[in-house]
Amino acid sequence: MSHLEEGVLHALLDGEIPSGELPPIQAHLAGCAECRARLEAERGLLGEAAGLVELLELPAGEAVAPRRIAARAPWTRRLAWAASIVAALGLGYAGRGWRVSDVRTPVQALARTNAATPQPDAARELAKAPEPSADLPAPAPPAPKPTHASRRPAAAAPPPQREPGNPVAEQRQVKVAAETRLEETVAAANRVDSGTARPATAAAVGSERAAAPALGRLQDAGALKQLRGASPPLLAPAEPISLPDAVRRLGGSLRLVEGLVPLRLEAQGQTVRVVYAVAQGELVLSQQLIDGRIVAVLSAPPGFPADSLSKLRARVRE
Amino acid sequence: MSGPVAELFAQYYESLVRMLYRRTGDRDRAEEIAQETFARAVAAPPRNPRPWLFAVALNLVREEARRTTRRDRRLVLYRAEQPEHAAPPDELLDREERVGQVRAALDTLNQRDREALLLKAEGFNYDEIAATLGLARGAIGTTLARARRRLVEAYRAGEDNSDVAS
């Protein structure tokens, strides 16, 4: 009699044997004491290994400001996004405040710059017809479920997606919902600024090549191309705004990237955009007051190094 | 963030950071890689999101590993996992020691086995693990069996050594 392979035993314990293949396996187990004993031994091993992995709990970090909200953003829009995500959302970064009263030389320089800088030709970009996004992702798949009871020892950190109302998951929802509204504005603004059809994502450039093998397996290249060509929704053009007005619009403070001198300040609807000049084009810190807190997104032009963008994210200050 | 990517973020960010933390030993770096991963999703929302997100994230980890020395990573691990307070109680020391032993045991696995194990810990099924790592589905059971066995054996060996040393 040939016994069940180790991989089959683990697949059985993980609940991963297709139903059609179960009967012969079960029949074998019924008649083979050795395989039954091995199955129990592997069950113990599986549980012990799972317990060890779960000892590696995520240490507490500063990442997300806890805040409760009522609803998550719906899966409604189909857009090609240009912005990179910044870790500045509601984070408790220490830093000097920049209040309405702090009107110094940079304000005057900004005022002069605002007056002198020509606005991009928004009408030309906004007039482009949006391309159909034929192959967009379906709604997210169901949350993962444990496949074996023995992998839940007492010390396990509960995965948030399995527990409705979990405060950690809700914290993420805060971040997500607040960003949703702002992201649309940023994407449209980047399309206007860059004047190109290609999304301006620093993180994507260069590193996309590295991610290509995984992408290639999981995505249709034609669909990806269509997504990149899709246009954002129509938005009002950006207009220059003074520093005091910007600060007032954001409830009394303004986030800036420490160490960089702003090229200009703009307002676009409810969003304030702080624009910096970099070698590859313009870096934009878009921010908006949402539910009483500033939500900020840092977007970079194509070719901007991902490492630099990460460092700049960490330098966003009030 | 867009509606679709916002959904992905809400559903997978925490899990991604946790897996990356277990993979790298550095919470800050795990967050950075997760952020970069979602930035790519913003640029090109994936059709099969969870395997895509985790595959991209693991690729980023591997790229970084190729660029930095193993010694540097160990220093990062040390800094990330050292408490910042004075003289922790014995039970905390004991737990830290165990965490260190688990991490050392995890390091003895080859990359594929280690990643399969960490993905399984995030609730991935075999199809998803196969899609994320580019393996045949039929190989996942064997991969996990080997990974689990090596992890437990390495951990036990580490425990035995520390018992001898203490």
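Colleague: What does B:Glu153 count as at 46% relative accessibility?

Modeller: This is a predicted model, where local features need pLDDT of at least 70, side-chain atom pairs count only at pLDDT 80 or more, and totals for chains, interfaces and linings use all residues; side-chain values use heavy atoms, leaving out hydrogens and water. Residues are numbered from 1 along each chain as its sequence is written, while chains are lettered from A and ligands numbered from 1 in the order written. Buried means under 20% relative accessible area, exposed over 50% and partly exposed in between, with a 1.4 Å probe and protein chains only. At 46%, B:Glu153 therefore counts as partly exposed.

Colleague: How far apart in space are B:Glu153 and B:Ala105?

Modeller: B:Glu153 lies in helix 8 of chain B, residues 140-165. B:Ala105 is 48 residues from B:Glu153 in sequence. From C-alpha to C-alpha, the separation is 8.1 Å.

Colleague: How many helices and strands does chain B have?

Modeller: Helices (H or I, at least four residues) and strands (E, at least two) are DSSP runs, numbered from the N terminus. From that end, the elements of chain B run α-α-α-α-α-α-α-α. The count is 8 helices and 0 strands.

Colleague: What share of the 166 residues in chain B is buried?

Modeller: Take the contacts of chain B first, where contact means heavy atoms within 4.5 Å. Among those between residues at least 6 apart in sequence, 65% join residues at least 24 apart. As for the 166 residues, the buried share is 58%.

Colleague: Which residues have the most contacts inside the largest nonpolar core?

Modeller: A nonpolar core is a set of buried Ala, Val, Leu, Ile, Met, Phe, Trp, Tyr and Cys residues joined through side-chain atoms within 4.5 Å. The largest has 63 residues. Its largest share, 10 residues, comes from helix 1 of chain B, residues 3-24. The residues with the most contacts inside this core are B:Leu20, B:Phe38 and B:Leu151.

Colleague: At what angle do the axes of helix 3 and helix 7 of chain B cross?

Modeller: Axes are lines fitted to C-alpha atoms, for helices over the stretch in contact, with angles from 0 to 180 degrees between N-to-C directions. Helix 3 (residues 49-67) of chain B and helix 7 of chain B have axes that come within 8 Å. They cross at roughly 45 degrees.

Colleague: Which hand is the crossing of helix 3 of chain B past helix 7 of chain B?

Modeller: Angles under 35 degrees count as roughly parallel, over 145 as roughly antiparallel, 65 to 115 as roughly perpendicular and the rest as oblique. Helix 3 and helix 7 of chain B are therefore oblique to each other. A crossing is left-handed if the near helix is turned anticlockwise from the far one by less than a right angle, and right-handed if clockwise. Helix 3 of chain B passes helix 7 of chain B in a crossing that is right-handed.

Colleague: Which residues of helix 7 of chain B make the contact with helix 3 of chain B?

Modeller: Helix 3 of chain B supplies B:Arg50, B:Pro51, B:Phe54, B:Ala55, B:Leu58 and B:Arg62. Helix 7 of chain B supplies B:Glu128, B:Ala131, B:Thr132 and B:Leu133.

Colleague: Which residues of helix 6 of chain B make the contact with helix 3 of chain B?

Modeller: The axes of helix 3 and helix 6 of chain B come within 12 Å and cross at roughly 140 degrees. That makes helix 3 of chain B oblique to helix 6 of chain B. Helix 3 of chain B brings B:Phe54, B:Leu58 and B:Arg62 to the contact. Helix 6 of chain B brings B:Gln111, B:Glu115 and B:Leu119.
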